[in-house]
Amino acid sequence: MTISIWRYSHLALAVSSFVFILLASITGIILAFQPISEQIQPYKVADLNTISVAELVTVFKDNYPEIIDVKVDTNDFVIASVFTEEGDNLEGYFNPKTAEYLGEEIEVSKFFQWVTSLHRSLFLKGIGRFFVGLCSFLLFLIAVSGSVLILKRQRSLKKFFSKIVNENFNQYWHVVLGRLSLIPIIIITVTGVYLSLEKFDLLPKAETSHNIDFDSLSTTPTQAVSEFKLFKNTPLSQVKSLEFPFSEDVEDYFILKLKDKEVIVNQFTGAILSEIKSPLVDMFSGLSLNLHTGKGSILWSIILAIATANILFFIYSGFAMTLKRRASKLKNKYKKDDAKYIILVGSENGSTLPFANAFHQQLLKAGETSYISELNNYNTYKKAEHLIIITATYGLGEPPTNASKFLERLKAVQQEQTVSYSVVGFGSLAYPAFCKFAFDVDKAMQIKYNQLLEPFTINDKSVEAFSQWIQKWNDKVGLKITVPKDGLVSKPKTNKKLKIISKTKVSENPDDTFLITLKPKKTYKFTSGDLLAVYPKNDYRERLYSIGKVNGNIQLSVKYYENGLASNYLNNFQINNQLKARIIQNSAFHFPKKASRVVLIANGTGIAPFLGMLHQNRQTETHLYLGLRTQESNALYESQINALLKQHKLTKFHLILSQEDKKRYVQDVLFRDAIFIAETLNNKGIIMICGSLAMQNGVLNMLESICVKYNNKPLSYYQNNLQIKTDCY
Ligand SMILES: Cc1cc2nc3c(=O)[nH]c(=O)nc-3n(C[C@H](O)[C@H](O)[C@H](O)COP(=O)(O)O)c2cc1C
């Protein structure tokens with residue numbers, strides 16, 4: 001079953017019952033405070049586990065000539081009805097140890113009575129009760145369908161409670177709070193349904209009546225009540241009520257109601273005259289009432305109040321997400337067969353649609369014929385020249401729901417004319433399969449159509465990256481499309497405060513590169529290979545730097561450009577200044593926890609994450625190939641690298657200089673060490689590449705030929721095994 005069926009069910013249930021659920025939740029939160037208000041009264045004076053029925057009866061008999069009954073309520077307050085020596089009837093709370101009268105029984109306030117009535121029946125009596133019961137059941141189904149959605153999102157039962165990436169406030173908290181309140185909500189709803197069934201007499205009735213042999217009743221051997229075995233062995237915590245004999249006639253007896261049974265006891269001998277187990281239905285009724293209302297436990301009442309308040313948040317965040325998904329409707333001016341540009345979108349939660357739509361609108365504005373649709377609607381387009389596929393990735397590299405059939409349709413539907421295509425992947429580096437579906441689409445498209453541009457990836461809805469892609473695309477097709485930022489931009493989430501603790505001078509390095517070290521103000525969770533996002537103008541313009549974690553600090557290597565927005569921004573900081581930025585987890589580019597050997601390949605500033613990884617390295621055999629321009633370029637890193645070699649955190653270092661004597665590039669040295677590289681991959685070692693895209697391409701080509709020549713396998717074999725990790729720009 002697809003995720004959308006569950007999502008539509010979840011939504012349909014929520015829409016159909018939301019008014020009732022809203023009312024029931026608000027009143028439920030208020031009612032959770034009723035048991036709390038009772039529990040804080042000072043009538044619980046002793047631990048009922050430590051007092052026996054015999055002790056209670058003895059002390060009451062010593063103090064009062066006549067006792068009608070004694071009850072223990074859900075708050076563990078002892079309530080009794082007695083007559084005093086003066087003939088006055090005393091009813092209310094008593095101290096079970098001393099039989100001292102403590103006060104009158106609390107009456108539920110008019111306000112709570114009113115709210116209870118609204119909660120139970122909406123003041124509509126039977127019909128209201130029916131609707132409330134039905135909504136309780138619907139809420140149960142909403143909780144179940146919600147759990148299935150979380151399961152689908154997390155991919156397995158084992159991961160049900162594992163970490164959620166916080167990409168969007170409503171979505172994140174909907175899932176996180178949903179998981180936390182799942183069990184209380186299931187309990188609230190199941191007990192709510194049970195109580196409704198009970199009110200409508202729909203539960204099986206267990207008829208119970210005692211069968212006492214009155215003829216054989218005897219007053220001997222007489223025992224003092226304090227010596228009755230049952231009374232001595234039963235603590236008050238087990239008792240619901242004890243009715244005293246009406247008179248001293250042997251046919252009158254004690255009726256002791258316990259949590260699980262009712263016992264008739266001879267008032268003279270203590271003999272058990274009859275015993276009936278409480279029917280399960282009654283036990284469940286009591287349990288349901290306590291669990292549903294929180295009676296008797298302040299902690300459970302608070303949990304119920306919080307879980308019910310969460311329901312209000314689910315209503316809000318659920319509708320907000322739905323509105324967002326639906327906000328960006330795809331509208332067309334031209335028919336599919338009349339357009340030159342076809343934009344196909346894959347989106348699960350709707351955030352990719354505004355990007356695709358903005359691009360579509362700008363094409364129309366530029367006088368071009370453009371058609372936009374979902375990937376699943378892929379079809380023939382008679383006049384199409386360019387297909388633009390803009391798609392998110394979900395799960396472990398899977399398509400969003402509206403793109404799930406695309407790859408199948410692509411096989412079946414063939415464009416008759418020649419078309420070119422470009423793929424833009426929207427994804428998040430926080431997931432290991434970054435933009436994987438976009439790459440899969442590109443691969444499948446390559447077989448049939450002409451690739452105009454390499455697949456372009458966009459992390460975390462970066463408007464800046466999208467603009468860069470449009471620029472590249474413009475250059476290829478000869479257009480001048482620009483996309484207005486408003487509507488696409490959300491405020492940068494610069495939630496990490498960092499203090500600049502050291503910075504080298506640009507002028508001291510022949511390549512205008514500087515090292516900057518930032519100390520986190522608090523203990524933030526990050527590691528080498530993660531990304532630091534800085535916002536030089538505090539707007540949509542975002543620059544990402546690969547982080548090296550060195551002694552708990554962030555070390556970046558930055559190339560300075562005279563007109564470079566971010567490099568100027570970082571270079572202008574003084575020691576002790578504070579920088580606000582964002583840390584993006586980049587789990588696909590972390591140093592392997594376990595590997596037979598690691599080969600790190602970098603050029604220029606791409607060394608930064610590797611320096612951090614080497615500092616963090618415990619005992620993995622690690623080889624570093626670093627491409628720089630001149631020997632002097634290495635002065636920036638030399639002392640750290642020497643220290644790492646000395647500490648055996650780095651096994652071997654290869655410095656490759658492109659501007660000196662042999663003028664070599666990294667791939668040239670990889671060619672020299674081909675057997676070593678092939679062996680590394682063959683033995684399940686890992687190769688990590690960081691630096692310029694040009695270097696990456698050169699290195700990947702070299703690796704491809706090494707793999708084929710020495711290992712008889714294509715590079716893709718090792719890429720699929722996740723043995724090649726790249727982070728290039
Ligand atoms: C449950 C979930 C799973 C995701 N899985 C991946 C993934 O495997 N790879 C990836 O690059 N992005 C992944 N993402 C990130 C989305 O692709 C990214 O946020 C995208 O911009 C969402 O676009 P949409 O709102 O149009 O669906 C995932 C997001 C969520 C919420």
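Predicted model: local features only at pLDDT ≥ 70, side-chain atom pairs only at ≥ 80, totals over all residues.

Student: Why is G425 called buried?
Tutor: The rule counts other C-beta atoms, placed from the backbone, within 10 Å of the residue's own: 20 or more is buried, 12 or fewer is exposed, and in between is partly exposed. G425 has 26 C-beta neighbours inside 10 Å, so it counts as buried. You'll find G425 in strand 12; strands here are DSSP runs of E with at least two residues, helices are runs of H or I with at least four, and both are numbered from the N terminus.

Student: And what makes G350 partly exposed?
Tutor: G350 has 18 other C-beta atoms within 10 Å, so it lands in the in-between class. G350 sits in the loop between strand 9 (341–346) and helix 9.

Student: Which residues is G425 in contact with, beyond its neighbours within four places in sequence?
Tutor: Contact means C-beta atoms, placed from the backbone, within 7 Å. On that test, G425 touches T391, T393, C435, A438, F439, P455, T457 and I458, leaving aside neighbours within four places in sequence.

Student: What makes the buried residues of helix 12 line one face?
Tutor: The buried ones are V463, F466, W469 and I470. Their arc, taken from the directions between the helix axis and the C-beta atoms, stays within 115°, so they line one face of helix 12. The face turned away from that buried side carries the exposed residues Q471 and D475. Cover for the buried residues of helix 12 includes helix 9 (353–365), strand 12 (420–427) and strand 14 (456–459).

Student: Which residues of helix 17 are buried?
Tutor: In helix 17 (residues 674–682) they are I677, T680 and L681. These cover an arc of only 95° around the axis, which puts them on the same side of helix 17. They pack against strand 22 (598–603), helix 16 (666–672), strand 25 (686–691), helix 18 (693–711) and helix 19 (715–720). K684 follows helix 17, and its phi is positive too, near 65°.

Student: Which residues come nearest to the ligand?
Tutor: Near means a C-beta atom, placed from the backbone, within 6 Å. Of the 24 residues around the ligand, S347, N349, S351, T352 and G427 come nearest. The shell divides into 9 nonpolar, 10 polar and 5 charged. Nonpolar covers Ala, Val, Leu, Ile, Met, Phe, Trp, Tyr, Cys and Pro; charged covers Asp, Glu, Lys and Arg; the others, Gly among them, are polar.

Student: Where does the label "transmembrane region" apply?
Tutor: The unreviewed UniProt entry puts it on residues 12–33, 130–151, 172–195 and 298–323. Such annotations may be inferred rather than shown by experiment. In the model, residues 12–33 are 100% helix, with end C-alpha atoms 31 Å apart. Residues 130–151 are 100% helix as well, with ends 32 Å apart.

Note on methods:
Residues numbered from 1 in each chain as written. Contact = placed C-beta atoms within 7 Å.
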